[in-house]
Amino acid sequence: LNPNYSALIRPLFIICHLFFLVLTGLQAQEIPPIRNFKPQDYQADRQNWSIAQSDEKYVYIGNNDGLLEFNGASWKLYPTPNNSVIRCVNAYKDRIYTGCFREFGYWMRNELGNLEYTSLSDRLKEPVLENDNFLSIVTVDEWVLFQTSQRIYIFNTIDSTFKIISSENEIRRAFKADENIYYQILGEGVYKFEKGKPKQISSHPVLRENRLVNIFNEGNRLLFQTNERGFYFLDESGLSKWDIPADGIISNLSVYASQRLRDGSFILGTISKGLYQLDRSGNLMNHID
């Protein structure tokens, strides 16, 4: 070959080879299989708030019309006693705990295989607040925590007693991380539920002023996820930002909920922008719109 052609062909071959590798890598990153269910399929309202899976692998969803049960083949709707929206669901052992407007309790299967509801809010010595809307339910050991924007009702499943934590500021959400329960109070910071009592673990301005979406355990550190400002680590030296490759992407999102998968990756559920998946190092893996 002419030396001039050789000098030209070699870099072209390298570029084509690299393009093939990149294309192969992109094709390997396939979106997981997705099955959509329309309201006509599950025969309830189109708005769903919370989802949980029981030990028997049934899926339970908090819907505007009540509690949805899916056994993998068919759907069943259980209306709430006061006909209000179920905003939070937690499947724990043989009970399905739910919370709605001024009402919380649990469902258990009867001898006919149907769910029956038992109210816990009816057992309170002190009634729920006038505008209490239950937003999250967290379970650990014998404790079940039912959270509203102003209170946390702590139910002891062993002796069926209650404790109530009240706040003048908004209680954002309760979280479970590595068998510990945490919750955020806007304007105050983050608290840990320890031996049945609250203990403040940080009053850093970031944790006081930004809404938390989730809390994860990272060895000796806690990883906080905010709804619009990304991730932060908390350890003995204080709070520090987790600078990740996808930070420029997620900082333009409004994240409503998140989960961490077994492989260490994060699934972010956003408002109107679909799902984003980040690997354990913070690189964008998938965007499912």
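How do the residues lining the second largest pocket divide into nonpolar, polar and charged? Hold that thought while we look around the chain.

What you have here is a predicted model. The chain runs to 289 residues, and buried ones make up 42% of them. Its secondary structure comes to four helices and 24 strands. If you take the contacts with a separation of 6 or more, 35% of them link residues 24 or more positions apart.

Now back to that pocket. The second largest pocket holds about 280 Å³ of space. Its lining has 14 residues, and those closest to the centre are Tyr-182, Lys-192, Ile-201, Asn-220 and Leu-222. As for the opening question, the lining divides into four nonpolar, four polar and six charged residues.

Elsewhere, have a look at Asn-64, which sits in the loop between β2 (59–63) and β3 (66–70). Asn-64 counts as buried because its relative accessible area is 19%, and the cut-off is under 20%.

| Side-chain pair | Distance |
|---|---|
| Asn-64 and Asp-45 | 3.0 Å |
| Asn-64 and Gln-47 | 3.2 Å |

Setting aside neighbours within four places in sequence, Asn-64 is in contact with Asp-45 and Gln-47, and also with Trp-49, Ser-84 and Val-85.

How values were computed. Residues numbered from 1 in each chain as written. Predicted model: local features only at pLDDT ≥ 70, side-chain atom pairs only at ≥ 80, totals over all residues. Heavy atoms only, no water. Helix = DSSP H or I, 4+ residues; strand = E, 2+ residues; numbered from the N terminus. Buried < 20%, exposed > 50% of the residue type's maximum accessible area, 1.4 Å probe, protein only. Polar contact = N/O pair within 3.5 Å; in protein donor to acceptor, adjacent residues only side chain to side chain. Contact = heavy atoms within 4.5 Å. 1 Å grid on protein atoms, 1.4 Å probe; cavity = no way out; pocket = protein on both sides within 12 Å on 5 of 7 lines; lining within 4 Å. Points joined across faces, edges and corners; volume = space filled by probe spheres on them. Nonpolar A, V, L, I, M, F, W, Y, C, P; charged D, E, K, R; others polar.
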